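Please look over the sequence and the model below. The paragraphs that follow go through selected parts of the fold.

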Amino acid sequence: MRERASANDAMLTREQAMAIVEKAVKMSKADAVDVQVNTYTQGNIRFADNQVSTAGATTDAQLGIQSAFGPKHAVVTTNDLSDEAIKRAVEQSERLARLAPDDPESMPQLGSQQYTPVNSYFESSASLTADDRAKAALIALEMARKAGDVKAAGYLVNTAGALAIGNSTGMFAYHRSTNVNYTLTARTSDGTGSGWAAADHADWAQIDARRVAETAVQKARLSQKPVALEPGRYTVILEPQAVGDLVQLIANYADARSADEGRSPFVKQGGGNKVGEKIVDERVTIFSDPSDPQLLGRPWDFEGMPLGRQVWIENGVLKQLIYSRFWAKKQSKTPTGGPSTFKMAGGTQSVEDLIKGTTRGILVTRLWYLREVDPRTVLYTGLTRDGTFLVENGKITKSLRNFRFNESPLFLLNNIEALGRPERLAGTEQGGDVVMPSIKARDFNFTSLSEAV
């Protein structure tokens, strides 16, 4: 009960956050001042080698003050929300701003905006206690201990927080949210098998800790004693996490300025960009939408731009690129804001259905250590991990040694054979709220074998 009370007490209400913004604005002597205040409570439990290693909770606040004098600006941060600390941060940011060089891309502040509310706050997650987290972890620990041949390592963290931004021209935005993230790796005692599973959602009631444990342990056993398969181009079934690891990278190249300046895979030969052109399989639609029930993101970006449903690729056609306020003004376009949600629509089949429909292919659980090879084609290299399997005649027949691959998400999305159900991911290298389907695709390029388990 004490932890539940502190989780809610730690978050500022809309009125409290607005009062801090107004206080900072009133104290300011700058031409413009922007304020960001973030308050949150986070609880966690970590375990490894079949026993709990750490558990705890953190409550904190972050206040950022940006002062501007014409094109000069500077930011000061503190985690002290007292009147004295706010005054000190305002004064320090003003001193630094006067010393800062001119920002040639400085933009005027946004005025008051209209936002579509999104309910990302669930009491089930905010009220999660240390006992609740321990009980969830024990499901995996007891399963692994009882099995005797598996070691489990995992991390479960729940966060409840409120973020607000405001400025001296009347813009104010407030959003409170919760999130639970649970990742679990199971390793077999002989050191040859590794399985991974995870779950993430704003609502703890949507997390099935037993399913996560069973999936990781089952995969670990199934991946024991892997055999080597000659590298080459294979039909693959990528689970949603593996799809997200690769496909989300497209967002890094979706900036309109990069395309307009000729530094992007979306540069059109002869000039301009590829907006309006078919760039991937017609079954591919990728969009951002804070209100989507699987995403539930923040309905504004850190500048205060409202974020709604935005379609980036529709039926394989590039529909739009991301325009910052500066670049949109320069190009006479409408700014898009900076979306933090990313979803690819999929089909209705499960991963098991995709396996059943495959004569010969490779099932990949997830990817890691992805590094850019060629920005002009979004070509990346990386490794498979935590469960790579040979599929023959509709069944998993062998555990495979991991591969290094060279592949582009654009190539992958042009070689689709089937799409599975979209699932919310438990984290990618890029971050954000991400939903991806499983994909069956041809000609995935595995370039060499890896000794990693």
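Which residues does the UniProt annotation "domain: Metalloprotease TldD/E central" cover? According to that record, an unreviewed entry, the annotation covers residues 132-222. The model is predicted, and over residues 132-222 the chain is 33% helix and 47% strand. The end C-alpha atoms of this stretch are 30 Å apart.

Six strands form an open sheet, with antiparallel pairing, in the order 3-2-1-4-5-6. Strand 3 (72-78) and strand 6 (194-201) stand at the edges; each has a single partner strand, so one side of each is left without a neighbour in the sheet. From one strand to the next, the twist averages 15°. Helix 2 (residues 14-27) packs on this sheet, where it touches strand 1, strand 2 (51-69), strand 4 and strand 5. The direction of helix 2 makes about 115° with that of strand 5.

Strand 4 (residues 150-167) can be followed in detail. This strand is mostly covered, with 14 of its 18 residues buried. Strand 4 pairs with strand 1 (residues 32-48) in the antiparallel sense over 14 bridges, and with strand 5 (residues 172-188), again in the antiparallel sense, over 17 bridges. On the strand 5 side, Asn181 is the bridge partner of Val157. In a regular strand, side chains alternate between the two faces of the sheet.

Strand 4 and strand 5 form a hairpin with four residues between the strands. In this hairpin, Gly170 takes a positive phi near 100°.

The C-alpha atoms of Gln114 and Pro306 are separated by 7.0 Å, although the two residues are 192 residues apart along the chain.

Definitions and conventions. Residues are numbered from 1 along each chain as its sequence is written. This is a predicted model: local features need pLDDT of at least 70, side-chain atom pairs count only at pLDDT 80 or more; totals for chains, interfaces and linings use all residues. Side-chain values use heavy atoms; hydrogens and water are left out. UniProt positions are given in the numbering used here, feature names are shortened, and annotations may be inferred rather than shown by experiment. Helices (H or I, at least four residues) and strands (E, at least two) are DSSP runs, numbered from the N terminus. Buried means under 20% relative accessible area, exposed over 50%, partly exposed in between (1.4 Å probe, protein chains only). Two strands pair if DSSP finds at least two bridges between them. Axes are lines fitted to C-alpha atoms, for helices over the stretch in contact, and angles run from 0 to 180 degrees between N-to-C directions. Contact means heavy atoms within 4.5 Å.
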